[in-house]
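Let's take a walk through a protein model together. Keep the sequence and the 3D view open as you read.

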Amino acid sequence: MDLSTAFTAKFGVRHPIALAPMGGSAGGALAAAVSRAGGFGMLGGGGGDPEWLAREVPAVAGTGKPWGIGFLTWAIDVAAVECALSHGPGAVMLSFGDPSPYTERVRQAGVPLILQVTDLDEARRAVDLGADVIVAQGTEGGGHGALRGRSTLPFVPTVVDLVAPTPVLAAGGIADGRGVAAALVLGAAGALIGTRFQATTEALVDPAVRKALLEARGQDTERSTLLDIARDSPWPATYSARTLGHPYLDRWRGREDELAADAQARRDYQEDVARGAIPALPVWAGEAVDLITDLPSAEDLVRGMATEACDALARAGRR
């Protein structure tokens, strides 16, 4: 049984499941697997490295299935968008920052535009900019999101009502078919899923990350700006990141301003990375990490999620 929505109809996919374009882990193999299974695979273009895109695009483009590219809006320039468009994606997704410098170019190319939003002002702006699809991201999600955002459950239907008839994808804390079904009940046209896809055979992550995700629980995650400060990462201060526990969180929690002013502490962080005392990157993980209990292929995962979503909706219909 397929779940037909405005999203599946627009992009010609079987299932209302999209891969979050996670920078560094959503590479060509993972995006291709999601697309082959009937979902919408998106490459994590990050800051728009053209060499990375050239290396990863062929795997997903070669499937002949719908696919897209996502960027960190604050980290790119027009050249990155032009590079992405030259590869012929089925959509370009922009997240975190002002997308207005790039939206018209995407639309001129006739490529569907997906904009991720973290509050209602951003949602209104996305409609004004002509977004074809809007992703409503709740704070349960892994990785970066709004410093002072809202939970997925109340945020998604509010956005759905606000931006109608533009299709909405729910994001944040969705890791199985029951979550996909819940997103549809909330009025979304599908779900954008990140953390769960990191724990698959195709994800571009270190084996230690997969192991950490399998062993973690939702209460092990924490949203903070501290690790961006420690890494000298230039993320805008309006965004924090949900990660698993980390020694520097324990050491500096509540002292972000002090860390930002302590150059030696930030050098210590890099030295700890170099000697292997801490991982090269924080382990981005959402609150639904409890639901990660295996390491399947992304193809099997998408199909299993779709079946579970159908079953969940059928059970709800019988009540």
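What follows moves from the sheet to the helices, then to some aromatic rings and a loop.

A word on the ground rules. This is a predicted model, so local features need pLDDT of at least 70 and side-chain atom pairs count only at pLDDT 80 or more, while totals for chains, interfaces and linings use all residues. Residues are numbered from 1 along each chain as its sequence is written, and side-chain values use heavy atoms, with hydrogens and water left out.

Start with the sheet. Strands of a sheet pair through backbone hydrogen bonds, either parallel or antiparallel. Here you have an open sheet of eight strands with parallel pairing, in the order β1-β9-β8-β6-β5-β4-β3-β2. The edge strands, β1 (17–19) and β2 (41–44), each pair on one side only. From one strand to the next, the twist averages 25 degrees. Two strands pair if DSSP finds at least two bridges between them; strands (E, at least two residues) and helices (H or I, at least four) are DSSP runs, numbered from the N terminus. For a close-up, look at β8 (residues 168–171) and β9 (residues 190–193), which run parallel and are joined by three bridges. Leu-169 has Gly-190 in β9 as its bridge partner.

Now for the helices. α5 lies across β4 and β5 (113–117), running at about 150 degrees to β5. Helix α6 (residues 120–128) packs on the sheet too, touching β5 and β6 (133–137), and its direction makes about 165 degrees with that of β5. Those angles run from 0 to 180 degrees between N-to-C directions, with axes that are lines fitted to C-alpha atoms, for helices over the stretch in contact.

Which residues of helix α4 are buried? In this helix (residues 78–86), they are Ala-80, Val-81, Cys-83, Ala-84 and Leu-85. Buried means under 20% relative accessible area, exposed over 50%, and partly exposed in between (1.4 Å probe, protein chains only). The buried residues of α4 pack against α3 (50–61), β3 (67–72), β4 (92–95) and α5 (100–108), where contact means heavy atoms within 4.5 Å. Just after α4, Gly-88 takes a positive phi of about 70 degrees.

Next come the aromatic rings. Rings of Phe, Tyr and Trp (its six-membered ring) pair if their centres lie within 6.5 Å; planes under 30 degrees apart count as stacked, over 60 as edge-to-face and the rest as tilted. A search of the whole structure finds eight aromatic pairs. In one of them, Phe-96 and Trp-235 have ring centres 5.2 Å apart and planes at 70 degrees, so the pair is edge-to-face. Phe-96 lies in the loop between β4 and α5, and Trp-235 in the loop between α11 (226–230) and β11 (239–244), so the pair ties together parts that are 139 residues apart in sequence. Both residues, Phe-96 and Trp-235, are buried. Trp-235 also pairs edge-to-face with Tyr-239, because their centres are 6.0 Å apart and their planes at 80 degrees. Together, Trp-74, Phe-96, Trp-235 and Tyr-239 form one aromatic cluster.

Last stop: Leu-291, in the loop between α14 (263–274) and α15 (298–318). Leu-291 counts as partly exposed, because its relative accessibility is 36%. Leu-291 and Asp-176 are 115 residues apart in sequence, yet 7.3 Å apart in space, C-alpha to C-alpha. Leaving aside its neighbours within four places in sequence, Leu-291 is in contact with Ala-175, Asp-176, Arg-178 and Arg-196.
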